[in-house]
Structure formats: structure tokens, C-alpha cells
Amino acid sequence: MSVLVTGGAGYIGSHTVRHLRSLGHDVVVLDNLDMGFAGAVLDAPLIVGDVADEALVGRICAEHGVTSAIHFAAHKNVGESMAAPSKYWHNNVDGTVHLVDALLAAGVQDLVFSSSCSVYGTPAIIPVTEAAPIQPESVYAESKATTERILRWYEQTHGLRSVSLRYFNAAGASADSRIGEDWAESLNLVPIAMKATLGRRGPLLVFGDDYPTPDGTCIRDYIHVDDLAVAHVRALDYLAEGKPSTALNVGTGTGSSVMEVIACTARISGLPVPYEITPRRAGDPVSVYADPTLVRETLGWEATMGLEEIISSAYAWHSTHLEGYGD
Ligand code: WQD
């Protein structure tokens, strides 16, 4: 395969690029470096540009003999999406339409799309299956749900085939600490907990400990970024076999609370994790974790790592890259 990876200089994209290359696939990365880092792209050409630039995408596909694509490039900050919605409609939705038009013009019809469990909003039933109602609660989540639907229309009108992967909480870093999540931009729990533990910021603010859970803090499905990378390649293989379009929950099926993440971080680092309990964050569901039955049956994929590997790989990366890719 020759794979175009948009957003391949980003967190999940860079780990997926590395996995594709480890399997001997040709890869070309398109990233505008708005949130990505050139240093995260290992062993693949990086072209700096925008997915909405149809002429550029066409040239890349022709020059690299692209046969399929994985589309990571998107804005992903839930709070920002509510303050600046147009940025998300233009970049996440319209950008994808331009990308798909250029791919189809170049004869590329297999696309794996980076979607999100946030399309489910606050699920009524846990664990979450793909039968759960699509009820986004943010512009970011809506941009993902809308893009999924647009891709299904492109299947009807142009024969595009896609797999939308609905990630749960991606975390962790590569086992050799060569790539990881740059915490400069991240508001997610694990990198923030690492930053607090390593004394690079004030205490971790725990958004509420009065939830109806065993320790009072919210529960999420943390999935190792390298397990996530494997799921993307399995999805490409699935499409290469001519299988039909689908959307799949990609999670471990296990929930971990905020306090469990804190305890695991303290145990692995050997350091205290400074934290303070603060009021709940608006919009936080009490507990969200995946039912990974369909992704296992469809792609033959399941997570191989749990919270221990996530936290130990994240700590190994952050403690040796205090400035992220700026080191
Ligand atoms: C996790 C838990 C917080 C920060 C994200 C993305 C979403 C989707 C899933 C990809 C929650 C708590 C966090 C902090 C805290 N992924 N927390 N203090 O909100 O589950 O969703 O992953 O698309 O799009 O937004 O992730 O890391 O923000 O929060 O207490 O400083 O940690 O309340 O329970 P979330 P998160």
C-alpha cells in the first residue's frame, strides 16, 4: 500500500505512520503543522500544507502512487469548538470535503477517518456500542458526526469506501519514547497529570469527586496510542479486501477513574501527583467506556495494553522530553 496520512505529524497520526512503515508500507504525510511537529514524523516524507488544497493533494497522490488515505487532520479542542465554531466547520468538515474530492479525482477510494466517541455525547447505556444514539454535545463532536455522514453520502454518489474509527481516550507514547504527545497543546488528563508530577505546572485540578462512581471521579476508556495505530492499519487492510464502509468504537472496554490514573502515575513515577479537587467540569459524562465487540469481529483487533502500559510509556516519554518536540 501507498498511504497518504493527513495530520501524520500529530499525536495519533505519527504513531500510525510509524506502524505503517514498520510493516513496510509506503507513507506520505500531509500536515500544516498547526498542531503537529515535524520531529514526530519518522521515516516518511512530510509535505507541509493544507488538506483543503485540492491541487496539492492531487499532486501528492500522483507523485507517491497513493492507493489509500488516513485522515487525522482536524482541530480537536472541545472548549475551543464552542468559542470558535466556524474554525471547526471550515477545517474539520469543509476541509474533509475538499480532501475527498481530491482523493476521488486521483482514483483513491479507500479512506480511514479519525472520528470520536464524543459523537455519542453522554451515552445512556454503558458500555457504549455502535447502536448508541448519535447525539453530539459540542461543535467538535458534531463536526465528527457530520463528517461521518458526508463520507457515507460520498459512498452513494462516488463509491468512496470508509471506516470511521470512534476513538475513546487516546493516551500513552511509543515504547522506545521516540515519539509521544506534546503536552504544550493538550488539555487531556494523562499529559496534564504528567506535567503536574514532573513539576512543570501547578497541581492537577480534578474536575469533581462527587460523581456516583466507586471513588467519586469520572470514568473513561483510556486506550494506548500504539493500539490505536494498529486499528488504523487493520481498517486499511479491511478496505483493501473490498469490505463495506462502517463505523467502529475503538476502546479497550475497560473504564478507569481519574483517581486510578493518579494512583497509577504515582506508583510508576515514584513521585507524588500534586492535585486539588475542584467543582465538576460542565459536560463531563460520569462514565464512558466502549463495548469493543464490533471492532473485534470486524477488524480482528483488540487492545493489547492497559492503564499500566499507558502510564509507564507516557511517563517515560514526558520525563525525557520536558519540552515535548521542542527539546
Ligand atoms: C478525561 C477525564 C475529566 C483534565 C476526550 C476528548 C474527546 C474524545 C475522548 C477524541 C474526565 C478529567 C481532565 C483535567 C480532570 N477523544 N480531567 N482534570 O473529556 O474524556 O474527552 O477524549 O476525540 O474528544 O475531548 O478527556 O482528558 O479531557 O478528561 O479531572 O485537568 O479526566 O473530567 O473525567 P474527555 P479529558
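This is a predicted model: local features need pLDDT of at least 70, side-chain atom pairs count only at pLDDT 80 or more; totals for chains, interfaces and linings use all residues.
Student: Why is Ser256 called buried?
Tutor: Its relative accessible area is 9%. Buried means under 20%. Ser256 is therefore buried.

Student: Where does Ser256 sit, and what does Ser256 touch?
Tutor: Ser256 is in strand S12, residues 256–257. Beyond four places in sequence, Ser256 touches Cys218, Ile219, Arg220, Tyr222 and Leu307. Each of these counts as a contact because heavy atoms come within 4.5 Å.

Student: Why is Leu33 called partly exposed?
Tutor: Leu33 has 29% relative accessibility. Buried requires under 20%, and exposed requires over 50%. The value for Leu33 falls in between, so Leu33 is partly exposed.

Student: What is the phi of Ser177, and is Ser177 buried or exposed?
Tutor: Ser177 has a positive phi of about 60 degrees and is not a glycine. Its relative accessible area is 14%. The limit for buried is under 20%, so Ser177 is buried. Ser177 lies in the loop between strand S7 (169–171) and H6.

Student: What makes the bond between Ile126 and Pro127 a cis peptide bond?
Tutor: Its omega is about 0 degrees. Most peptide bonds are trans. Pro127 is in the loop between strand S5 (110–116) and helix H5 (139–158).

Student: Thr129 is in the loop between S5 and H5. Why is Thr129 called partly exposed?
Tutor: Thr129 has a relative accessible area of 30%. Outside four places in sequence, Thr129 contacts Tyr120, Asn249 and Asp291.

Student: How far is Thr129 from Thr147?
Tutor: They are 18 residues apart in sequence. In space, the C-alpha to C-alpha distance is 19 Å.

Student: How do you know that Val112 is buried?
Tutor: Val112 has a relative accessible area of 0%. Buried means under 20%, so Val112 is buried. Val112 lies in strand S5.

Student: Which residues does Val112 contact?
Tutor: Leaving aside neighbours within four places, the list is Ala69, Ile70, His71, Val163, Leu165, His232, Ala235, Leu236 and Leu239. Glu54 is 58 residues from Val112 in sequence, and 18 Å from Val112 in space, C-alpha to C-alpha.

Student: What makes H6 mostly covered?
Tutor: Nine of its nine residues are buried. Among them are Leu189, Lys195 and Thr197. Each has under 20% relative accessible area, because that is what buried means.

Student: What do the buried residues of H6 pack against?
Tutor: They pack against S7, S8, strand S10 (222–224), helix H8 (258–269) and helix H10 (307–320). After H6 comes Gly199, with a positive phi near 70 degrees.

Student: How is the chain divided?
Tutor: Domain 1 covers 2–171 + 223–250, and domain 2 covers 189–221 + 253–326. Their centres, taken over C-alpha atoms, are 24 Å apart. Between them, 29 residues of domain 1 are in contact with 23 residues of domain 2.

Student: How do you know that the ligand lies between the domains?
Tutor: Both domain 1 and domain 2 give residues to the shell around the ligand, so the ligand lies between them.

Student: How many residues surround the ligand, and which are closest?
Tutor: There are 21, and the closest are Tyr140, Leu205, Arg220, Arg281 and Asp284. The shell divides into 14 nonpolar, four polar and three charged residues. Helix H6 (189–197) and strand S8 (204–207) each supply at least two. S8 gives the most, with four.

Student: How much of the ligand does the protein bury?
Tutor: The protein buries 88% of the 680 Å² that the ligand exposes when taken alone.

Terms used: Residues are numbered from 1 along each chain as its sequence is written. Side-chain values use heavy atoms; hydrogens and water are left out. Buried means under 20% relative accessible area, exposed over 50%, partly exposed in between (1.4 Å probe, protein chains only). A residue is near a molecule or strand if one of its heavy atoms lies within 4 Å of it. Accessible areas come from the Shrake-Rupley method with a 1.4 Å probe; for residues, only the protein chains shown count as cover. Ala, Val, Leu, Ile, Met, Phe, Trp, Tyr, Cys and Pro count as nonpolar, Asp, Glu, Lys and Arg as charged, and the others, Gly among them, as polar. Domain bounds come from an automatic or database domain assignment.
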